[in-house]
Amino acid sequence: MATTSRRRQGYSNGCLPTSCHPPLELPLRTHHILISYPFGPRSILTSFHGGTYQRKLEGLVRDPLSRVLIVHGDEDEFTGAASYQTWASALEAIAIGASSVDSRSPQADASGSTLGSCQVRCIPGATHFWRGDALETLLGTIQTFLDSR
């Protein structure tokens, strides 16, 4: 049976509702792509319910069926690179920890695609708005993620 892929993507504030959608059941493979996640202003954007969205995102990266890509620029105007780095490292650790303790977590689906992953990519020179060469790099990063097994 062929594996079908579904993408859920969000940019900036759109990352918040996107991260609330769990992955679909196999054989469907869900890719969550979060671009310029508003980590810095999240509390204000969510009327001070940022913790709710953080828990949803943590649940998503813990899910053994999830494949999450978070892409941000190191010159984002709303969230500093160091803040992104600390936050992203914690999310990746959650994903790694979840995959090592969840016995139902398949390491690959029938097509050989890796499941249960969270990847964070910082694009040098990119701002929150992805102008110029940063946009091409962003598109290439997303394509590589979608093509990865």
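Predicted model: local features only at pLDDT ≥ 70, side-chain atom pairs only at ≥ 80, totals over all residues.
Colleague: How many aromatic pairs does the count come to?

Modeller: Four.

Colleague: Why is the pair of F39 and W87 called stacked?

Modeller: Look at centres and planes. The ring centres are 5.0 Å apart, and a pair needs centres within 6.5 Å. The planes stand at 25 degrees. Under 30 degrees counts as stacked, so F39 and W87 are a stacked pair.

Colleague: What makes this a link between distant parts of the chain?

Modeller: F39 and W87 are 48 residues apart. F39 is in the loop between β2 and α2, and W87 is in helix α4.

Colleague: Why does W87 count as buried?

Modeller: W87 has 7% relative accessibility. Buried means under 20%, so W87 is buried.

Colleague: And what is F39 called, buried or partly exposed?

Modeller: Partly exposed. Its relative accessible area is 24%, which lies between the cut-offs of 20% and 50%.

Colleague: Why is the pair of F78 and F129 called edge-to-face?

Modeller: Their centres are 6.1 Å apart, with planes at 75 degrees. The limits are within 6.5 Å for a pair and over 60 degrees for edge-to-face. The pair is therefore edge-to-face.

Colleague: Where do F78 and F129 lie?

Modeller: F78 is in the loop between β3 and α4. F129 is in the loop between β4 and α5. They are 51 residues apart.

Colleague: Which residues form one aromatic cluster?

Modeller: Y37, F39, Y84 and W87.

Colleague: What sits over the ring of F145?

Modeller: The charged end of R67, 5.0 Å from the ring centre. The distance limit is within 6 Å.

Definitions and conventions: Residues numbered from 1 in each chain as written. Heavy atoms only, no water. Phe/Tyr/Trp six-rings, centres within 6.5 Å; stacked < 30°, edge-to-face > 60°. Helix = DSSP H or I, 4+ residues; strand = E, 2+ residues; numbered from the N terminus. Buried < 20%, exposed > 50% of the residue type's maximum accessible area, 1.4 Å probe, protein only. Lys NZ or Arg CZ within 6 Å of the ring centre and 35° of its normal.
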